[in-house]
Amino acid sequence: EACRRVRTQVDDLAQTGKTEWLGVVVNLWTTPSSLGNHQKQLNPRVPMAVDTDGDALRVFGIGRIPAVALISTEGRLVRIVGPDDTDLAAAVANLSR
């Protein structure tokens, strides 16, 4: 499953400490009140927030999930890594080039 693959890749990359991460979950499956249970169950290595009204999906033009918005240190959207992309690590490495 793509969600599990991306979650694992993000957790692995977060361990390096080289990239700042924020996990944003959509309100379809996780509500603000259930986020704590979600975090206890999955034990992510990144802070999590809930996109309660779909703003993140709209702002970044995300139509399919999971998706990772890669944002430069200048705050510029560099790339959206979608559910069919399998090498998140390479995409993150390209951010620093």
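Modeller: Let's start with α1, whose buried residues pack against β3 and α4. This is a predicted model, with local features needing pLDDT of at least 70 and side-chain atom pairs counting only at pLDDT 80 or more, while totals for chains, interfaces and linings use all residues. Residues are numbered from 1 along each chain as its sequence is written, and side-chain values use heavy atoms, without hydrogens and water.

Colleague: Which residues of α1 are buried?

Modeller: They are V6, Q9, V10, D11, L13 and A14. Buried means under 20% relative accessible area, exposed means over 50%, and partly exposed is in between, using a 1.4 Å probe and protein chains only. Helices are DSSP runs of H or I with at least four residues, strands are runs of E with at least two, and both are numbered from the N terminus.

Colleague: What span should α1 have, at 1.5 Å a residue?

Modeller: The expected span is 1.5 Å times one less than the number of residues. For the 14 residues of α1 that gives 20 Å, and the end C-alpha atoms are 20 Å apart, so the two agree. After α1 comes G17, with a positive phi near 75°.

Colleague: Why is G82 called buried?

Modeller: Its relative accessibility is 14%, and the cut-off for buried is under 20%, so G82 counts as buried. G82 sits in the loop between β4 (77–81) and α4 (88–95). Leaving out residues up to four places away in sequence, G82 touches P66 and A67; a contact needs heavy atoms within 4.5 Å.

Colleague: What makes the bond between I65 and P66 a cis peptide bond?

Modeller: Omega is about 5° for that bond. P66 belongs to the loop between α3 and β3.

Colleague: And N43, is that buried or exposed?

Modeller: N43 has a relative accessible area of 58%; exposed starts over 50%, so N43 is exposed. Though not a glycine, N43 has a positive phi of about 50°.

Colleague: How many residues line the largest pocket, and what classes do they belong to?

Modeller: There are 45 lining residues, and those closest to the centre are L22, G23, V24, A67 and V68. By class, 29 are nonpolar, nine polar and seven charged. Nonpolar covers Ala, Val, Leu, Ile, Met, Phe, Trp, Tyr, Cys and Pro, charged covers Asp, Glu, Lys and Arg, and the others, Gly among them, are polar. A pocket is an open set of points on a 1 Å grid over the protein atoms alone, where a 1.4 Å probe fits, with protein on both sides within 12 Å along at least five of seven lines; lining residues have an atom within 4 Å of a point. The helix α1 gives the most to this lining, with seven residues.
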